Amino acid sequence: MATTDVEDFIGQNRHLSDLVETFRSISESEKHWKCRREFIFRNINDYEDPHLDHLLALSMVWANHVFLGCRYDPVLLEKVKEMAEGVVVEDAPVFKTRDELVKQQKKR
């Protein structure tokens, strides 16, 4: 589902769109929420009630990884990356691990 497809889906499903808007965290920026909302819409058909909480948790794992650099179990991370295929995040931050920073310092 392309970004324009998501916008069309939202326009055609106002009730669902209104429900998804209630999932936005008060601390999420517009950019962060737009991407996480797209993640939710791309996968919501696979996680209907009573499994909607699972989808929301996975969306937070993905967003925390992309926007905050949080690290998770590789299997979980692979799953959320697959679920996020097609979600475009412009100007995503780039994070380095402590080991990468130490290695870089040793080269100098």
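**Exercise 1. Find the accessibility class of Glu21 and of its salt-bridge partner, and say where the two residues sit.**

Step 1. Start with Glu21: its relative accessible area is 32%. Buried means under 20% relative accessible area, exposed means over 50%, and partly exposed lies in between, using a 1.4 Å probe and protein chains only. Glu21 is therefore partly exposed.

Step 2. A word on the model before going on: it is predicted, so local features need pLDDT of at least 70 and side-chain atom pairs count only at pLDDT 80 or more, while totals for chains, interfaces and linings use all residues. Residues are numbered from 1 along each chain as its sequence is written, and side-chain values use heavy atoms, with hydrogens and water left out.

Step 3. Now look for the partner. A salt bridge is a side-chain nitrogen of Lys or Arg within 4 Å of a carboxyl oxygen of Asp or Glu. Glu21 makes one with Arg37, where the closest N and O atoms are 3.2 Å apart.

Step 4. Helices are DSSP runs (H or I, at least four residues), numbered from the N terminus.

Step 5. Classify Arg37: at a relative accessible area of 15%, this residue is buried.

**Exercise 2. How many salt bridges does the structure hold, and which residue pairs with Glu38?**

Step 1. The total is four. Side chains of opposite charge can pair when their charged atoms come close.

Step 2. Glu38 pairs with Arg42, at 2.6 Å from N to O. The two are four residues apart in helix α3, so about one helical turn separates them.

Step 3. For another of the bridges, take Glu30 and Arg24, whose closest N and O atoms are 3.2 Å apart. Here Glu30 counts as exposed at 53%, and Arg24 is partly exposed at 31%.

**Exercise 3. Describe how α3 packs against α2 and against α4.**

Step 1. Two packed helices are described by the angle between their axes and the distance between the axes. Axes are lines fitted to C-alpha atoms, for helices over the stretch in contact, and angles run from 0 to 180 degrees between N-to-C directions.

Step 2. The axes of α2 and α3 come within 11 Å and cross at roughly 130 degrees. That makes α2 oblique to α3; angles under 35 degrees count as roughly parallel, over 145 as roughly antiparallel, 65 to 115 as roughly perpendicular and the rest as oblique.

Step 3. Contact means heavy atoms within 4.5 Å. Leu16, Ser17, Val20 and Glu21 of α2 meet Trp33, Arg37, Ile40 and Phe41 of α3.

Step 4. For α3 and α4, the axes come within 10 Å and cross at roughly 140 degrees, which makes α3 oblique to α4. Residues making the contact include Phe39 and Ile40 of α3 and Leu55 and Trp62 of α4.

**Exercise 4. Which residues does Val80 touch, leaving aside its neighbours within four places in sequence?**

Step 1. With those neighbours set aside, Val80 is in contact with Phe39, Leu58, Val61 and Trp62.
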